[in-house]
Amino acid sequence: MTIILLERESEPILINELTWQEFKAVEQLIDRPGLRLSFLNGVLEIRKMPGKKHETIKKRIAALLEIYLEFLGLDFTPTGSMTLESESAKVKREADESYELGQNRTNPDLVIEVIVTSGGIDKLEAYQRLNIPEVWFWVNDRISFYTLKNHGYEIFPTSKLLPNLDVTLLIDCIKLENHSQALREFREGIAKEGRRKKEEGKRKKINGFSN
């Protein structure tokens, strides 16, 4: 038996030119705790499960996002790192976090990726084949929003699924060292913004009547 050793937070091992059937066979052989397998168009990616830095950030983003979705009153389901795969599209991927926004979804509407190390398969290509509407990438203390269009993903400065999300507030709270403080400040920030918009709406209504 071959033992695959990966250093902590190391770049992944890539094995090329596999059929889907070969990939599934290899997957059964090396499927074990501590390893995450992805597949795209004949390339198998073997990556060690992420370390503390990665896990802390992804859980922070998930916690903040769920606070925001609840604040909006949206019907959502966290689907975590569920396995997403398609034999016809020759792809398998597990997102760091994923969400269904609504009911009766086949795949998540939103996935989140926290990038700590480089290398590996083209994640956007994988999600395009899985028809995921929106992907968030957290890289080097910055967040990027990718929305799926007819020709592929386009990058935007804000989320198209959540267009009123305060991106600056989100980033500031992700970067805070203390988790509880981050959640508090985010709740306070979105509540303040909600009150501001409510007052602005009232003023517009009053001005509309007076004109």
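Guide: Two strands pair if DSSP finds at least two bridges between them, where strands (E, at least two residues) and helices (H or I, at least four residues) are DSSP runs, numbered from the N terminus. The model discussed here is predicted: local features need pLDDT of at least 70, side-chain atom pairs count only at pLDDT 80 or more, and totals for chains, interfaces and linings use all residues. Residues are numbered from 1 along each chain as its sequence is written, and side-chain values use heavy atoms, with hydrogens and water left out.

Visitor: In β3, which residue does Leu-35 stand opposite?

Guide: Leu-35 belongs to strand β2, residues 35-40. Six bridges join β2 to strand β3, residues 43-48, and the two run antiparallel. Across this pairing, the residue opposite Leu-35 in β3 is Lys-48.

Visitor: Which residue takes a positive phi in the hairpin of β2 and β3?

Guide: The hairpin has two residues between its strands. A positive phi near 50° is taken there by Asn-41.

Visitor: How many of the six residues of β2 are buried?

Guide: Buried means under 20% relative accessible area, exposed over 50%, and partly exposed in between (1.4 Å probe, protein chains only). In a regular strand the side chains alternate between the two faces of the sheet. From β2, Leu-35, Leu-37 and Phe-39 point one way, while Arg-36, Ser-38 and Leu-40 point the other way, and all are buried. The strand is mostly covered, and the number of its residues that are buried is six.

Visitor: Which residues make up the uncovered face of strand β5?

Guide: Strand β5, residues 83-86, is joined to β6 by four bridges, and these strands run antiparallel. Leu-84 has Arg-93 as its bridge partner in β6, and Leu-84 and Ser-86 form the covered face of β5. The uncovered face consists of Thr-83 and Glu-85.

Visitor: What is the positive phi of Lys-90 in the turn between β5 and β6?

Guide: These two strands form a hairpin with four residues between them. Lys-90 lies in that turn, and its phi is about 55°.

Visitor: With which residue does Arg-93 form a salt bridge?

Guide: A salt bridge is a side-chain nitrogen of Lys or Arg within 4 Å of a carboxyl oxygen of Asp or Glu. The closest N and O atoms of the pair formed by Arg-93 are 3.1 Å apart, and both residues are buried. Arg-93 lies in strand β6 and its partner in strand β8, so the pair ties together parts that are 20 residues apart in sequence. That partner is Glu-113.

Visitor: By about how much of a helix are Glu-125 and Arg-129 separated?

Guide: Glu-125 forms a salt bridge with Arg-129, the closest N and O atoms being 2.8 Å apart. Glu-125 is partly exposed at 27% relative accessible area, as is Arg-129 at 30%. Because they are four residues apart in helix α3, residues 123-129, their separation is about one helical turn.

Visitor: Which strands stand at the edges of the open sheet of six strands?

Guide: The sheet has the order β4-β7-β8-β9-β10-β11, with mixed pairing. Each edge strand has a single partner, so one side of each is left without a neighbour in the sheet. The strands in question are β4 (76-78) and β11 (152-156).

Visitor: What is the bridge partner of Ser-98 in β8?

Guide: Three bridges join strand β7, residues 97-101, to strand β8, residues 110-115, and the two run antiparallel. In β8, Ser-98 has as its bridge partner Val-111.

Visitor: How far apart in space are Leu-148 and Ile-132, C-alpha to C-alpha?

Guide: Leu-148 lies in strand β10, residues 142-149. Leaving aside neighbours within four places in sequence, its contacts (heavy atoms within 4.5 Å) are Gln-128, Asn-131, Ile-132, Pro-133 and Tyr-153. Leu-148 and Ile-132 are 16 residues apart in sequence, and their C-alpha distance is 7.1 Å.
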